[in-house]
Amino acid sequence: MPQQRDGGIISDGSTDLPAKEFATGNVLGVQVAATTLADATRIICDAAARKQSGYVCAAPVHSIMEAYDAPEFRMVLNEAFMVVPDGAPVAKTLRRRGFPNQSRVPGPDLTLTVCEEAARRGMTVGFYGSSDECLKLLAEKLTARFSGLKISYSYSPPFRQLLPAEDAELVETIRSSQTDLLFIGLGCPKQENFMHSHAERIGTMMLGVGAAFDFHAGLLERAPRWMQDHGLEWLYRLLAEPKRLFARYAKHNPRFVWNAMLQTWGLKNF
């Protein structure tokens, strides 16, 4: 993989892959892309068009702190083709680290813009994760929204680890579908680990987008735009699912804020 450095772009000198087209900033040890939603969409679709395999991670605070707590998961994120700043605190940290205009690149928004661009270019998309009901509704709504969108693959996996034979069949099915862009909706860290372990075997560009499937299928409601714009989408989700999310936010958010401040002040390096 090409190397990355805080605030810049650098190639490892190999000729099989192009140098990355975006700068990255170090957020608690994770190299997060300093990019816009539009640029991320273009870069991802360009990579998929040239049949480059890899994976994209949409990283809110939860993902960054999972990586902070587990070096092996930090490696998974840092070996991604791109990690985009999904959460407002992550984008804010990038602004403090030399990217003053950085905004969020939310996974649900990236899902829509990539699907729109895929439809425009005649590329195929696939969906792996969630439930059969969700995937059916998702396909209906996205094809109605984006004329010409081609869905080449859709699968709801069992809620358990796949057996080796099942996994081999899965890989072969995805490869034979000739899917250009594969969206993964398994939740963090399961989706990132799946993409990392399958990237070379599947050989396509994958995007881990969390709850985007449920949002766009109409099974979950996103926060109002004003809450999204003010970095309060996490609060909306907490109020909607307090039992599931309270422990996560209580554990991760205060520690993220504290460690991000220490990093910004130069008191702690990652």
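The legends below describe close-up views of a predicted model.

Residues are numbered from 1 along each chain as its sequence is written. Because the model is predicted, local features need pLDDT of at least 70 and side-chain atom pairs count only at pLDDT 80 or more, while totals for chains, interfaces and linings use all residues; side-chain values use heavy atoms, with hydrogens and water left out.

**View A. Phenylalanine 127 and phenylalanine 213 form an edge-to-face aromatic pair.** Rings of Phe, Tyr and Trp (its six-membered ring) pair if their centres lie within 6.5 Å; planes under 30 degrees apart count as stacked, over 60 as edge-to-face and the rest as tilted. By this rule the count comes to 6 aromatic pairs. The ring centres of phenylalanine 127 and phenylalanine 213 are 5.6 Å apart and the planes stand at 80°, so this pair is edge-to-face. Phenylalanine 127 belongs to strand S7 (residues 124-129) and phenylalanine 213 to helix H9 (residues 212-217), so that distant parts of the chain, 86 residues apart, are linked. Helices (H or I, at least four residues) and strands (E, at least two) are DSSP runs, numbered from the N terminus. Buried means under 20% relative accessible area, exposed over 50%, and partly exposed in between (1.4 Å probe, protein chains only). Phenylalanine 127 is buried, at 2% relative accessibility, and phenylalanine 213 is buried at 2%. Ring pairs join Phe127, Phe183 and Phe213 into a cluster.

**View B. Tyrosine 128 and phenylalanine 194 form a stacked pair.** The centres of these two rings, tyrosine 128 and phenylalanine 194, are 4.7 Å apart and their planes lie at 15°, so the pair is stacked. Tyrosine 128 is part of strand S7 and phenylalanine 194 is part of helix H8 (residues 190-202), so the pair ties together parts that are 66 residues apart in sequence. Tyrosine 128 counts as buried at 3% relative accessibility, and phenylalanine 194 counts as buried at 9%.

**View C. The charged end of arginine 222 sits over the ring of phenylalanine 215.** A charge sits over a ring if NZ of Lys or CZ of Arg is within 6 Å of the ring centre and within 35 degrees of the ring normal. For arginine 222 and phenylalanine 215, the distance to the ring centre is 5.9 Å.

**View D. Helix H5 (residues 107-121) is largely enclosed by the rest of the structure.** The expected span of a helix is 1.5 Å times one less than its number of residues. Helix H5 has 15 residues and reaches 21 Å from its first C-alpha to its last, close to the expected 21 Å. Of its 15 residues, 11 are buried, so H5 is largely enclosed. The buried residues of H5 include Leu110, Leu112, Val114 and Cys115. Just after H5, glycine 122 takes a positive phi of about 75°.

View E. A salt bridge is a side-chain nitrogen of Lys or Arg within 4 Å of a carboxyl oxygen of Asp or Glu. By this rule the count comes to 13 salt bridges. Glutamate 117 forms a salt bridge with arginine 121, with the closest N and O atoms 2.8 Å apart. Glutamate 117 counts as buried at 16% relative accessibility, whereas arginine 121 is partly exposed at 29%. Salt bridges that share partners join Asp39, Arg42, Asp46, Glu117, Arg120 and Arg121 into one network.

**View F. Leucine 110 belongs to the largest nonpolar core.** A nonpolar core is a set of buried Ala, Val, Leu, Ile, Met, Phe, Trp, Tyr and Cys residues joined through side-chain atoms within 4.5 Å. The largest core has 37 residues, and those with the most contacts inside it are Ile44, Met82, Leu110, Phe127, Leu181, Phe183 and Leu207. Contact means heavy atoms within 4.5 Å. Leaving aside neighbours within four places in sequence, leucine 110 is in contact with residues including Leu37, Ile44, Val84 and Leu207. Apart from this core lies another, of 36 residues, among them Leu170, Ile184, Ala199 and Ile202.
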